[in-house]
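User: I've got a model open and would like to go through its fold piece by piece. Could you take some questions on it?

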Amino acid sequence: MRRWNGLDEVPGDWGRSVITIGVFDGVHLGHQRIVGAAAEEARRRGLRSVVITFDPHPDEVVRPGTHPPVLATTRRRVELLEGLGTDAVVVVPFTLELSKTPPDEFVRQVLVDRLHAAHVIVGEDFRFGHKAKGDVALLRELGEKYDFTAVGMPLVANGDTISSTYIRGRLDEGEVDAAARALGRPHRVEGIVVRGHQRGRALGFPTANLEMPPNTAIPADGVYGGWLVCDSDRYPGFRWPAAISIGTNPTFEGAGERTVEAYALDRDDLDLYGEHMGVDFTARVRDTLKFDSVEALIEQMHLDVDRIREITAE
């Protein structure tokens with residue numbers, strides 16, 4: 001699998017390709033169906049498949065501050081796309097200049113001149129070019145001009161329409177199990193472990209406090225069961241059942257900053273500061289509550305851990 005950061009990294013001798021193109025935020029089951037179809041069509045034709053995605057999100061460039069919370073970082077998107085059988089992923093920097101490119105020029109510059117499109121598969125609501133004037137019908141017309149075929153596919157899986165908007169809505173409600181069904185895997189939040197108030201360690205539950213990229217799609221406040229994951233030199237292939245807390249720690253005075261913290265069950269020997277970690281959400285356990293005492297909080301935390309141990313064992 002090849003990864004190219006920008007079209008300039010595409011080799012000059014790259015042959016004709018079957019291409020799919022989109023933001024693919026979350027790489028949910030609908031996206032997976034399209035990417036898988038492109039990979040299969042490439043194999044059928046004896047060609048190679050290429051996925052084109054963008055960074056940053058086009059909405060952030062065209063209408064700064066308006067794009068919805070991000071379901072997956074660019075790094076995570078590429079990892080997920082790599083696992084779908086595609087031959088190459090090209091991450092195209094989305095700029096204001098690119099956003100003003102007319103549809104015909106976009107197709108010629110991106111799909112034809114650089115990647116030598118033979119066939120293009122996109123979502124049926126795909127839009128492209130200046131002011132999103134291009135659609136699947138225009139893509140087919142341009143294909144006749146530039147000698148490629150094009151098809152738009154519905155974003156469905158198991159008969160259900162899948163959308164990133166739907167998944168964000170489920171996360172906003174704390175319904176991480178429903179989000180996972182649409183994604184085809186647990187939703188993951190990623191970040192660097194930083195020092196927090198260290199209350200968890202004092203209570204006997206040392207937590208990894210994640211500093212996440214701006215505009216990350218974070219589930220609703222609450223306590224969740226899931227997994228703490230890492231693949232660094234210090235912790236290669238690390239994946240451990242975890243109790244995850246999202247909220248403002250209302251039991252303590254001065255609470256107010258919303259945090260995502262994960263306690264690796266029965267582990268007090270981990271030095272995670274500075275590590276890039278992921279938190280996978282499996283199930284919601286309860287709401288975030290304000291307790292009358294620290295002792296009552298600790299008692300509930302033991303109950304939470306027992307329940308999460310059952311959840312992750314399943």
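Predicted model: local features only at pLDDT ≥ 70, side-chain atom pairs only at ≥ 80, totals over all residues.

User: What share of the 314 residues in the protein chain is buried?

Analyst: Buried means under 20% relative accessible area, exposed over 50% and partly exposed in between, with a 1.4 Å probe and protein chains only. The C-alpha trace spans about 70 × 35 × 35 Å along its principal axes. Of the 314 residues, the buried share is 49%.

User: In the open sheet of 6 strands, which strands stand at the edges?

Analyst: Strands count as paired if DSSP finds at least two bridges between them. The order of this open sheet is 1-4-3-2-5-6, with parallel pairing.

User: At what angle does helix 3 run to strand 3?

Analyst: Axes are lines fitted to C-alpha atoms, for helices over the stretch in contact, and angles between N-to-C directions run from 0 to 180 degrees. Helix 3 packs on the sheet and touches strand 1, strand 3 and strand 4, contact being heavy atoms within 4.5 Å. Its direction makes an angle with that of strand 3 of about 165°.

User: Which residues of helix 3 (residues 74–82) are buried?

Analyst: The buried residues of this helix pack against strand 1 (2–5), helix 1, strand 3 (48–55), strand 4 (88–93) and strand 9. An α-helix has 3.6 residues a turn, so residues three or four places apart point the same way. The buried ones in helix 3 are Thr 74, Arg 76, Arg 77, Val 78, Leu 80 and Leu 81.

User: What's the strand order in the closed barrel?

Analyst: The barrel has 6 strands with antiparallel pairing. Its neighbouring strands are turned by 45° against each other on average, direction ignored. Helix 8 (residues 176–183) packs on this sheet, touching strand 9 (187–194), strand 11 (222–230) and strand 14 (276–286). The order runs 9-10-13-12-11-14.

User: Which residue of strand 14 does Val 189 stand opposite?

Analyst: Strand 9 pairs with strand 14 in the antiparallel sense over 6 bridges. Strand 11 also runs antiparallel to strand 14, joined by 7 bridges, and there Leu 228 has Val 279 as its bridge partner. Val 189 likewise stands opposite Val 279.

User: How much space lies in the largest cavity?

Analyst: On a 1 Å grid over the protein atoms alone, a cavity is a set of points where a 1.4 Å probe fits but cannot get out, and lining residues have an atom within 4 Å of a point. Grid points are joined across faces, edges and corners, and a volume is the space filled by probe spheres set on the points. The count is 1 cavity of 30 Å³ or more, and the lining of the largest includes Gly 26, Leu 71, Arg 76 and His 187. Its space comes to about 60 Å³.

User: And what's the volume of the largest pocket?

Analyst: A pocket is an open set with protein on both sides within 12 Å along at least five of seven lines. The largest pocket has a volume of about 1000 Å³. Of its 42 lining residues, the closest to its centre are Val 23, His 57, Pro 58, Phe 126 and Arg 127. So, for the volume you asked about: about 1000 Å³.

User: Is Asp 231 buried or exposed?

Analyst: Asp 231 lies in the loop between strand 11 and strand 12. Leaving aside neighbours within four places in sequence, Asp 231 is in contact with Pro 236 and Gly 237. Its relative accessible area is 63%, so Asp 231 is exposed.

Conventions: Residues numbered from 1 in each chain as written. Heavy atoms only, no water. Helix = DSSP H or I, 4+ residues; strand = E, 2+ residues; numbered from the N terminus.
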